[in-house]
Structure formats: structure tokens, C-alpha cells
Amino acid sequence: MPAVTAENPLSLPRVTAPVGPAARPVLAVSTAPAGFEGEGFPVRRAFAGIDYRHLDPFIMMDQMGEVDYAAGEPKGTPWHPHRGFETVTYIIDGTFVHRDSHGGGGVITDGDTQWMTAGSGLLHIETPPEELVASGGLFHGLQLWVNLPRADKMIAPKYQDIRGGNVKLLASEDGGALVRLIAGDVAGHAGPGATHTPITMIHASLSPGARLVLPWRPDFNALAYGLAGHGSAGTERRPFRSGQSVVFGAGDALVVQAGDVQDSRSERFEVVLLGGRPLREPMMHYGPFVMNTHAELAQAFDDFKAGRLGTIPAS
């Protein structure tokens, strides 16, 4: 970890630490519970137990792995429906194959991101490629669910394939942190992901002892999740580590810092930073459907059972 990096971060554009802004305080740190998804691949539920008012417009995020599969062990998900939101699948290590009932999908691997707008609905499957099943190997990624505004709930499904080489690479002011900007804008730099709901998504790697200060839109919320290693959040240096989420309060800047010594499994403190403009709309979430009312959820189930979200294509 990670797959997309830079040989010399000092050669990258720098994110200058803002002068005099209000750094966001840390409101809470929570530990993600572990579980299993699909056919049995291990996940951590990053936002479990966090009040939705702090998450909006995000719904949930799963850390998939990190797991080193033996031959024959890699697993995926069976065919399943989605409606009313977007899934953002970011693969750090390994490979996943996506297919849907509209003929869309593709292969994502080692730093790629697939942005799937479910909109009005589709059937979807995620599987490891046959060669990974045969050989085994390392698998690690994230899947983030982003709510769609009421006006966009029923738009036509579509994909964005964001290859790792297209991610905007930046460096902290002192060069101690590498910033991968996947979507949104930071300090005048734009990531490649196009979103219906305005958000920012970053994967940052901090060298031991490095401090990262980022300007942050005051109209966005702010969350951090530790992928590997340990460090702290906020100017108060609230400790957090791999498998823990941080909820920030209001302000104009985010501060995270790596511990001076990292563990043997990770040379750097790996952190995902997320922010978005809250929709402030009713959110009804049940299984693979995210709508605004109970009636809309019931309609989604009826449409799924009636085959109106699509049919499973022939293999």
C-alpha cells in the first residue's frame, strides 16, 4: 500500500497551509466494527454508530480487507440491486470486476476508482477475476456510498472509471505527506471525479511525524478514516489509528498528523479524508435502496421484484 504514489513528492504541487483559519475541532473518534459482506469477504463498517447528521451526504463506507488471500479464497458479491445513490469503489491493492444489468462495468485495480451512479436502479455484481481466485493475493479497498439529491434520485445509471494515473497528486507544504485528490477541490486543485452531490475525497499518506494541514470548505462536513498506521487529528492531537473514524466540527481547515514511529505493517499513516455539502433532505435507507420516503422504498422493492431494475445478463 498504496499503489499510486510519486517517486519524489517534493516535485509535486504543494498544498500551502492556510494562514489564520479556524482549524476544525474533533467531535468524536469511533472504532469501526468488523464483519463480512457478499460471499464472505471481510469488511470494516467505517461509519457504524455515527449520527447521520455528521455523515450527510455520505451514507456508509466499508473498508474491504486488507486481506492476503490464499489460492481459491478470493470472494465477491452476488447480483444485487441499487437505487437512489452512488457507489465509489477505490481499490488500493488487488483487482475487482464489475458488471451490471445495463451492460456497464469494468475492471478496477491498484489505485483505480469506479464511480457508479445507480440513479433509477440496476442490478450489479462485483467479483475477483479468475486469475486472482486461482492464485490468491492481496486485496484492499474502500466502497463509499454517496446520497443523491431528491431531484437526481431517478436519473439514468452511469459509470465513471477513474484510473489511478488520473488522480491529482499533491504534496503537503513540507513534502512529508502525499495527497491523492480523487474528487472535489482543495486549494485550487481539482480531482477527476465528477459528482452530483458536491464532495471532496482524498487518500493521504503521511511519513512518520509529518503534519498535514488542508484548507476545507466551511459549507462541507469533514470526516477522516485511518487505513493503516496511527496518528492524531485536530490541533488538540486527538489520537486515532487504522480502523477508526474521526468526526470534525466546523471550521476552515483540517489537521492530521502521523505518529513519530509507525508499526511494522505500514511505513506511513494512511488516511482517507472526506467532506461534502449536506443535502438536509429526509433519508430512508434499507438494504440496497436509498430514497426520501417509505413509499419510495416500497416502490423500489416492488420494481426490483417485478424485474424493472433489469435482469441478470447471460454469462
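1. A258 belongs to strand 24, which covers residues 253-258; helices (H or I, at least four residues) and strands (E, at least two) are DSSP runs numbered from the N terminus. A258 is buried, at 1% relative accessibility. Buried means under 20% relative accessible area, exposed means over 50%, and partly exposed lies in between, with a 1.4 Å probe and protein chains only. Leaving out residues up to four places away in sequence, A258 touches L206, S207, P208, G209, A210, H230, G231 and F269; a contact means heavy atoms within 4.5 Å. A233 is 25 residues from A258 in sequence, and their C-alpha atoms are 9.0 Å apart.

2. On the source: this is a predicted model, in which local features need pLDDT of at least 70 and side-chain atom pairs count only at pLDDT 80 or more, while totals for chains, interfaces and linings use all residues. Residues are numbered from 1 along each chain as its sequence is written, and side-chain values use heavy atoms, with hydrogens and water left out.

3. Overall make-up. The protein has 3 helices and 27 strands. Its radius of gyration is 19 Å, close to the 20 Å that the globule rule gives for 315 residues, so the protein is as compact as a globular protein of that length. That radius is taken over C-alpha atoms, and the globule rule is 2.2 Å times the number of residues to the power 0.38. The C-alpha trace spans about 55 × 45 × 30 Å along the principal axes.

4. Of the 315 residues, 54% are buried. Among contacts with a separation of 6 or more, 74% are between residues 24 or more positions apart. The protein exposes about 12,700 Å², and carbon and sulfur atoms supply 52% of that area. Accessible areas come from the Shrake-Rupley method with a 1.4 Å probe; for residues, only the protein chains shown count as cover.

5. T87 is in strand 7, residues 85-93. T87 counts as buried, with 3% relative accessibility. Its contacts, again without residues up to four places away in sequence, are H82, Q114, W115, M116, Q143, L144 and W145. One of these, L144, is 57 residues from T87 in sequence and 5.7 Å from it in space, C-alpha to C-alpha.

6. The largest pocket holds about 270 Å³ of space. On a 1 Å grid over the protein atoms alone, a pocket is an open set of points with protein on both sides within 12 Å along at least five of seven lines, whereas a cavity is a set where a 1.4 Å probe fits but cannot get out; lining residues have an atom within 4 Å of a point. Grid points are joined across faces, edges and corners, and a volume is the space filled by probe spheres set on the points.

7. Lining of the largest pocket. There are 17 lining residues, and E37, T77, H80, E126 and W145 are the closest to the pocket centre. At least two lining residues come from each of strand 4 (41-45), strand 5 (58-69), strand 6 (80-82), strand 11 (122-127) and strand 12 (137-147). Strand 5 gives the largest share, 3 residues. By type the lining has 8 nonpolar, 6 polar and 3 charged residues. Here Ala, Val, Leu, Ile, Met, Phe, Trp, Tyr, Cys and Pro count as nonpolar, Asp, Glu, Lys and Arg as charged, and the others, Gly among them, as polar.

8. Cavities. The count comes to 1 cavity of 30 Å³ or more. The largest cavity has a volume of about 30 Å³, and D185, T200, P215, W216, R217 and F220 line it. These lining residues divide into 3 nonpolar, 1 polar and 2 charged.

9. Backbone points to check. D56 and P57 are joined by a cis peptide bond, with omega about 20°; P57 is in the loop between helix 1 (52-55) and strand 5. R237 has a positive phi, near 55°, and is not a glycine. R237 is in the loop between strand 21 (230-233) and strand 22 (238-241) and is partly exposed at 46% relative accessible area. R280, also not a glycine, has a positive phi of about 55°. R280 is in the loop between strand 25 (269-276) and strand 26 (284-286) and is exposed, at 70%.

10. R238 is in strand 22 and is partly exposed, with a relative accessible area of 34%. Beyond four places in sequence, R238 touches V26, A28, V29, G231, S232 and A233. R238 and G104 are 134 residues apart in sequence and 43 Å apart in space, C-alpha to C-alpha.
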